[in-house]
Amino acid sequence: MDIPDFMSHSSYFSANDFLEKISNVAKRAGSKFVYASLILYYTLQSDRVSKREKALIIGALGYLISPFDVIPDAYPIVGLSDDMAVLLFVLRRVWTNIDPDIQLKAKEKLARWFDEDEMEEAADHLFEEE
């Protein structure tokens with residue numbers, strides 16, 4: 001399978017830009033969006049992930065950060081739907097390499113921006129459609 005077009009956005013990825021973007025859109029995007037993003041971010045740092053999977057993750061996170069989206073982020077709610085679709089696509093591809101430690105790190109970071117109910121919603125219903 002070919003890597004989707006969002007790989008052209010991989011040059012936009014950097015750890016600092018990613019964390020800044022996530023903190024800026026956290027409440028607007030919702031806990032599920034942020035949780036998916038954080039899981040991919042921490043999975044990128046894992047030794048259990050192949051170079052190909054890391055390339056997919058970098059492409060997805062670069063797409064998230066990129067100012068050039070299919071649907072511009074300036075449109076409330078709907079503007080992040082293409083970003084969420086890309087994140088979930090890649091998350092499904094690498095899910096078998098995501099261990100509980102990565103999920104815990106993501107939840108700990110998520111707790112800084114969301115209350116307990118929002119966190120449960122994100123963790124329990126990650127792959128359900130918005």
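Student: What share of the contacts in the chain between residues at least 6 apart in sequence join residues at least 24 apart?
Tutor: That share is 75%, where contact means heavy atoms within 4.5 Å. Before going on, bear in mind that this is a predicted model, so local features need pLDDT of at least 70 and side-chain atom pairs count only at pLDDT 80 or more, while totals for chains, interfaces and linings use all residues. Residues are numbered from 1 along each chain as its sequence is written, and side-chain values use heavy atoms, with hydrogens and water left out.

Student: How many helices and strands does the chain have?
Tutor: Six helices and zero strands, and from the N terminus they read α-α-α-α-α-α. Helices here are DSSP runs of H or I with at least four residues, strands are E runs of at least two, and the numbering starts at the N terminus.

Student: Why is Ser46 called buried?
Tutor: Its relative accessible area is 10%, and buried means under 20%, with exposed over 50% and partly exposed in between (1.4 Å probe, protein chains only). So Ser46 is buried. It belongs to the loop between α2 and α3, where its side chain reaches the backbone nitrogen of Arg48 at 3.0 Å. Not counting residues up to four places away in sequence, Ser46 touches Lys54 and Ile102.

Student: And what makes Asp99 count as buried?
Tutor: Asp99 comes in at 19% relative accessibility, so by the cut-off for buried it counts. This residue sits in the loop between α4 and α5. Its C-alpha is 9.9 Å from that of Ile39, although the two are 60 residues apart in sequence.

Student: Is Arg112 buried or exposed, and how do you know?
Tutor: Exposed, because its relative accessibility is 63%. Arg112 is in the loop between α5 and α6. Its C-alpha lies 9.5 Å from that of Ser23, 89 residues away in sequence.

Student: How do you know that the span of α4 agrees with its 14 residues?
Tutor: The expected span is 1.5 Å times one less than the number of residues. For α4 that should give 20 Å, and the end C-alpha atoms are 20 Å apart, so the two agree. The buried residues of α4, including Met84, Leu87 and Val90, pack against α2 and α3.

Student: Which residues have the most contacts inside the largest nonpolar core?
Tutor: Phe18, Phe33, Leu40, Ile57, Leu61 and Leu110, in a core of 37 residues. A nonpolar core is a set of buried Ala, Val, Leu, Ile, Met, Phe, Trp, Tyr and Cys residues joined through side-chain atoms within 4.5 Å. The biggest giver to this core is α2, with ten residues. As for Ile57, leaving aside neighbours within four places in sequence, it contacts Leu40, Thr43, Leu44, Val49, Val90 and Val94.

Student: What makes Tyr41 and Tyr42 an aromatic pair, and which kind is it?
Tutor: Rings of Phe, Tyr and Trp (its six-membered ring) pair if their centres lie within 6.5 Å; planes under 30 degrees apart count as stacked, over 60 as edge-to-face and the rest as tilted. Tyr41 and Tyr42 have 5.2 Å centre to centre and 65° between the planes, so they pair and are edge-to-face. The structure holds one aromatic pair, and both Tyr41 and Tyr42 are buried.

Conventions:
A polar contact is a pair of N or O atoms within 3.5 Å; within protein, one must be able to donate a hydrogen and the other to accept it, and residues adjacent in sequence count only if both atoms are side-chain atoms.
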